[in-house]
Amino acid sequence: MHPTLNPSADAAETERARRRAAFEAHKLEKRLCREVGRAIVDYSMIGEGDRVMVCLSGGKDSYGLLDILLKLQARAPVRFELIAVNLDQKQPGFPADVLPNYLRGLGVRFHIETQDTYSIVKDKIPEGKTMCSLCSRLRRGILYRVASELGATRIALGHHRDDILATLLLNMFFGGKLKAMPPKLVSDDGRHVVIRPLAYVAERDLIRWAEHRQFPIIPCTLCGSQENLQRAQAVALLREWEKKFPGRLDNMLHALQNVVPSHLLDARLHDFAHLEATGRPDPEGDRAFDADLWPEAPPAGVQVVHFG
Ligand code: SF4
């Protein structure tokens with residue numbers, strides 16, 4: 001019988017789909033909380049009594065960040081405060097009531113800072129050039145000031161695993177540096193601690209979470225600026241790799257936590273000049289004439305990616 005001719009079968013199928021979706025959403029929530037919690041612990045991001053200013057842009061990542069931090073706050077063994085902060089940059093068409101309404105609905109303490117950086121950026125950057133770098137610089141200065149005014153001890157940003165890896169590639173390709181994005185840092189004015197609790201979270205999980213939670217997303221590109229082309233290419237490359245070789249991005253992130261300075265070429269990190277034969281065998285030492293081998297069974301947390 002055609003499904004539409006059997007209402008009870010249709011209802012059963014709808015119910016099964018609903019349960020499947022609820023199960024998947026629950027799994028995703030657990031994974032997000034676990035990954036964010038792990039990053040917070042691994043890098044001592046938040047401690048007892050911290051006041052965390054969560055920077056909310058209206059994009060999926062910062063909504064996800066606030067959402068997961070609220071869940072962790074409710075169950076964390078340490079007490080900390082959360083204050084959501086949005087900077088209204090006066091981009092044309094920015095729906096100024098969306099975030100306040102959303103945050104009021106959550107019952108979260110928040111602050112909206114209004115500063116017309118849009119006009120400054122438009123004025124300074126020639127037509128057709130990317131405005132994002134000046135825009136973010138201005139935004140950063142304002143957010144640091146707001147953090148001081150609010151007495152925030154931590155500034156939380158919504159950068160995730162894939163942002164960190166894209167930055168790594170960009171620094172290698174264009175900057176000549178082996179450098180990504182730190183999960184925790186002191187701001188350049190020396191006055192703030194900036195944290196990235198989503199450092200372990202895959203972007204695809206944030207996309208799915210935003211869909212599930214139906215966040216009222218506000219696009220950043222209201223100003224008409226295009227995403228930096230090189231960053232877009234790095235992101236596309238990462239997505240393609242992950243599609244062809246699932247697990248590769250987690251391996252890359254793991255590599256950033258497992259650096260071997262003696263096997264890189266930076267003489268500031270390893271004292272090559274004073275290397276001498278010790279006369280003592282070292283089973284862990286380099287086998288200079290052997291090809292690199294990867295173990296059949298990878299260490300815990302590492303997924304071996306097979307080529308070809
Ligand atoms: S897209 Fe527009 S608002 Fe977003 S960072 Fe770039 S210049 Fe700023």
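The shell around the ligand holds six nonpolar, five polar and no charged residues (Ala, Val, Leu, Ile, Met, Phe, Trp, Tyr, Cys and Pro count as nonpolar, Asp, Glu, Lys and Arg as charged, the others, Gly among them, as polar). The model is predicted: local features need pLDDT of at least 70, side-chain atom pairs count only at pLDDT 80 or more, and totals for chains, interfaces and linings use all residues. Residue numbers start from 1 along each chain as its sequence is written.

**Ligand shell**
- Around the ligand are Gln-89, Gln-91, Val-121, Met-131, Cys-132, Cys-135, Ser-136, Cys-220, Thr-221, Cys-223 and Ser-225 (C-beta atom, placed from the backbone, within 6 Å).
- Helix α5 (residues 132-150) gives the most to this shell, with three residues (helices, H or I, at least four residues, and strands, E, at least two, are DSSP runs numbered from the N terminus).

**Helices α1 and α2**
- The axes of α1 (residues 7-42) and α2 (residues 60-75) come within 10 Å and cross at roughly 80° (lines fitted to C-alpha atoms, for helices over the stretch in contact; angles run from 0 to 180 degrees between N-to-C directions).
- α1 and α2 are therefore roughly perpendicular (65 to 115 degrees; under 35 is roughly parallel, over 145 roughly antiparallel, the rest oblique).
- Leu-32, Cys-33, Val-36 and Gly-37 of α1 meet Ile-68, Lys-71 and Leu-72 of α2 (C-beta atoms, placed from the backbone, within 7 Å).

**Sheet**
- Six strands form an open sheet in the order β3-β2-β1-β4-β6-β5, with mixed pairing (at least two DSSP bridges between paired strands).
- β3 (110-114) and β5 (184-186) are at the edges with a single partner strand each, so one side of each lacks a neighbour in the sheet.
- β5 and β6 (residues 193-195) pair in the antiparallel sense over three bridges.

Terms used: Two residues are in contact if their C-beta atoms, placed from the backbone, lie within 7 Å.
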